[in-house]
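Hi there,

Here is the structure I promised to pass on.

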Amino acid sequence: MNINGVEIAPGEEKVVDVNIARLPSHTPIDVSITIARSSEPGPTLLLMGGLHGDEINGSEIVRRIIEKNEHIPKIGSVICIPIINVYGFIYFSRYVPDGKDVNRSFPGNKNGSLAARMAYFLTKEILPVIDYGIDFHTGGADRTNYPQIRCMMKDDVNVELAKAFHAPFTLDSKFRPKSLRQTANKFGKNILVYEGGESSRFDEYAIKEGINGAKRMMKHLGMRDEAENAPYQNLIIKNSSWVRAKKSGVFLSAVKSGDAIKKNQLLGHIHDPFGGFKSKIKSVVNGYVIGLNHNPIVHEGDAIMHLGVIK
């Protein structure tokens with residue numbers, strides 16, 4: 001295996017630092033990659049976080065896996081990248097300096113913006129050498145996501161991997177244009193997206209479920225012997241809908257992330273901050289709360305809750 005000109009032989013573990021760009025301050029933007037290879041042949045798995053710099057739960061999942069040596073495979077190879085968007089991680093930002101989203105910049109450009117250069121590196125150096133991957137994310141913009149896997153349910157391999165990961169929820173999710181997952185699919189590689197928690201906040205439950213799910217997937221691929229069984233059923237969500245604010249005001253939720261809900265159930269209230277009104281929000285579907293807005297100040301039309309629909 002060769003990454004950025006560094007050879008990693010079977011049975012070796014190496015840390016490869018890759019320079020992506022340099023800021024006007026001369027500060028280098030380097031990506032640190034930990035590669036662990038077994039002496040026995042097998043699949044190559046990518047574990048990656050921080051594609052959006054402020055989504056720190058994903059970075060922490062990969063960091064803890066490395067720290068506890070749980071990335072060292074029985075067969076095959078594991079490539080760990082805790083932080084792709086180093087600039088965003090340092091500056092608490094989803095994006096890079098010009099406001100671009102790395103996960104909408106694939107396949108990238110070696111002479112392009114910082115986002116395009118990060119995407120280009122992953123496309124040219126990482127995707128060709130992997131077989132499978134987990135891209136760890138969180139909710140954004142003050143919204144938390146209950147632990148969930150997003151994959152293309154029409155792809156049998158995706159379904160098999162999602163079943164092995166066994167998150168509380170598996171969502172049927174189409175490819176986003178110019179995303180890592182879409183580009184990987186064009187290479188014939190299977191990458192699942194894990195969503196858990198919210199940006200700029202650690203969520204211990206989401207972190208632990210991400211670690212446990214990764215270990216279950218490694219066991220499924222023959223890369224480890226042991227993995228903790230999930231104490232819950234994996235629920236398949238093929239449809240979802242957003243509940244949006246009909247008025248501007250202060251939103252107080254009556255449900256929690258992960259809750260099962262029924263049609264016509266009270267989900268919460270929007271209050272006039274000056275005491276003028278109190279507006280009920282009710283569910284129009286049966287399902288589960290898979291995403292929840294934690295910012296109580298909402299404007300008319302804002303997404304306040306993501307519901308996984310059970311028909």
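Predicted model: local features only at pLDDT ≥ 70, side-chain atom pairs only at ≥ 80, totals over all residues.

**Strand pairing**

Strand S13 (residues 249–253) pairs with strand S15 (residues 266–271) in the antiparallel sense, over four bridges. Two strands pair here if DSSP finds at least two bridges between them, and the helices (H or I, at least four residues) and strands (E, at least two) are DSSP runs, numbered from the N terminus. In that pairing, valine 250 has histidine 271 in S15 as its bridge partner.

S15 is also joined to strand S16 (residues 278–282) by five bridges, again in an antiparallel run. Here isoleucine 270 stands opposite serine 279 in S16. The hairpin of S15 and S16 has six residues between the strands, and glycine 275 in the hairpin takes a positive phi near 85°.

Residues are numbered from 1 along each chain as its sequence is written, and side-chain values use heavy atoms, with hydrogens and water left out.

**Helices around H6**

The axes of helix H1 (residues 56–67) and helix H6 (residues 204–220) come within 9 Å and cross at roughly 50°. Axes are lines fitted to C-alpha atoms, for helices over the stretch in contact, and angles run from 0 to 180 degrees between N-to-C directions. That angle makes H1 oblique to H6 (under 35 degrees is roughly parallel, over 145 roughly antiparallel, 65 to 115 roughly perpendicular, and the rest oblique). On the H1 side, Asn57, Glu60, Ile61, Arg64 and Ile65 meet residues of H6 including Ile207, Gly210 and Ala214, with contact meaning heavy atoms within 4.5 Å. The residues of this contact divide into six nonpolar, two polar and three charged; Ala, Val, Leu, Ile, Met, Phe, Trp, Tyr, Cys and Pro count as nonpolar, Asp, Glu, Lys and Arg as charged, and the others, Gly among them, as polar.

Helix H4 (residues 156–165) also packs on H6: their axes come within 7 Å and cross at roughly 125°. H4 is therefore oblique to H6. Glu160, Leu161, Ala164 and Phe165 of H4 make the contact with H6 residues, among them Gly210, Ala214 and Met217. Five nonpolar, three polar and three charged residues make up the contact of H4 with H6.

Happy browsing!
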